[in-house]
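Please consider the following note alongside the sequence and the model. The points below take up a few selected places in turn.

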Amino acid sequence: MNCAYLYGQILIYLACSERCLDIACPLRPLRPDSCSRNSFARIMSLSGRGYPTIVSVVQGIYRNDYFECGNLKCISYRKVCDLVDDCGDNSDELICSNNFQCGGGNFIYKSKKCDGFYDCDDRSDECNLDCGRSIISGLCLKISAWALGVLSITFNVVTLCRLLSTSFSITSFAFINKVFRLAISFGDLLVGIYLLMISVFDSVVIGEKYCKNSLSWLSSNYCAFLGILSTFGSNISLYSMALLSILRVFH
């Protein structure tokens, strides 16, 4: 079964019963010198497989359900893989594959990694190579933004130059028709500039730093300017095209 989203004593039981497909049993046999940092009374014994081990006596109860940490401290089975550093050296959590360790050292549920929300104080659950957050998400969108930006600027500059180089007709319809065509090309040019600039910011200026600096970017003047540029250009193009279509219908 898939145990990636189980924690604590349930996970330990299933993993050590070989019922988990993706998680091995994290427990190790106790040695005679194990748990040397614990204060409970220890009794030497033999395990069911015949190797030397220890049994603790706590309030008259004999126990052997311990996990030995990397610092020789022992904790109860139920405290292993529970997202809490009970050992003090993270060894009871680092062996587990059902969690994610933040840059600050604390652990969060594996399901909270790359879920679009910052659960780590340093945002490492979202700002990592697996999540890949950037201004423009996805390689296809990045390539499309670059290509459309360059093509839009090139073709609309050529179109504007051609329209401006020809003389304006004295007839009212021809004049209005040319003005609307100029407006459409100008609006598309602004959108092309926006696409090219946002691609430059995404790939060159900000790049991989976007995730941790996303709030600064979204509140920056650059982002505000690009938003205005995109909105202004698309509205000019859209309304000019709509008005030109209406004019041609009734002419």
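1. Aspartate 202 touches Ser134, Ile135, Ile136, Lys142 and Gly207, leaving aside residues up to four places away in sequence; contact means heavy atoms within 4.5 Å. The model is predicted, so local features need pLDDT of at least 70 and side-chain atom pairs count only at pLDDT 80 or more, while totals for chains, interfaces and linings use all residues. Residues are numbered from 1 along each chain as its sequence is written, and side-chain values use heavy atoms, with hydrogens and water left out.

2. Aspartate 202 belongs to helix α4 (residues 172–205); a helix here is a DSSP run of H or I with at least four residues, numbered from the N terminus. With a relative accessible area of 4%, aspartate 202 is buried (under 20% relative accessible area; exposed is over 50% and partly exposed in between, with a 1.4 Å probe and protein chains only).

3. The side chain of aspartate 202 also reaches the backbone nitrogen of isoleucine 135, at 3.2 Å.

4. Which residues lie nearest the centre of the second largest pocket? They are Asn128, Leu129, Gly132, Arg133 and Glu208, out of 13 lining residues. The volume of this second largest pocket is about 260 Å³.

5. Is alanine 147 buried or partly exposed? Alanine 147 has 37% relative accessibility and therefore counts as partly exposed. Alanine 147 is part of helix α3 (residues 139–165). Between alanine 147 and glycine 192 there are 9.5 Å in space, C-alpha to C-alpha, although the two are 45 residues apart in sequence.

Notes: Helix = DSSP H or I, 4+ residues; strand = E, 2+ residues; numbered from the N terminus. Polar contact = N/O pair within 3.5 Å; in protein donor to acceptor, adjacent residues only side chain to side chain. 1 Å grid on protein atoms, 1.4 Å probe; cavity = no way out; pocket = protein on both sides within 12 Å on 5 of 7 lines; lining within 4 Å. Points joined across faces, edges and corners; volume = space filled by probe spheres on them.
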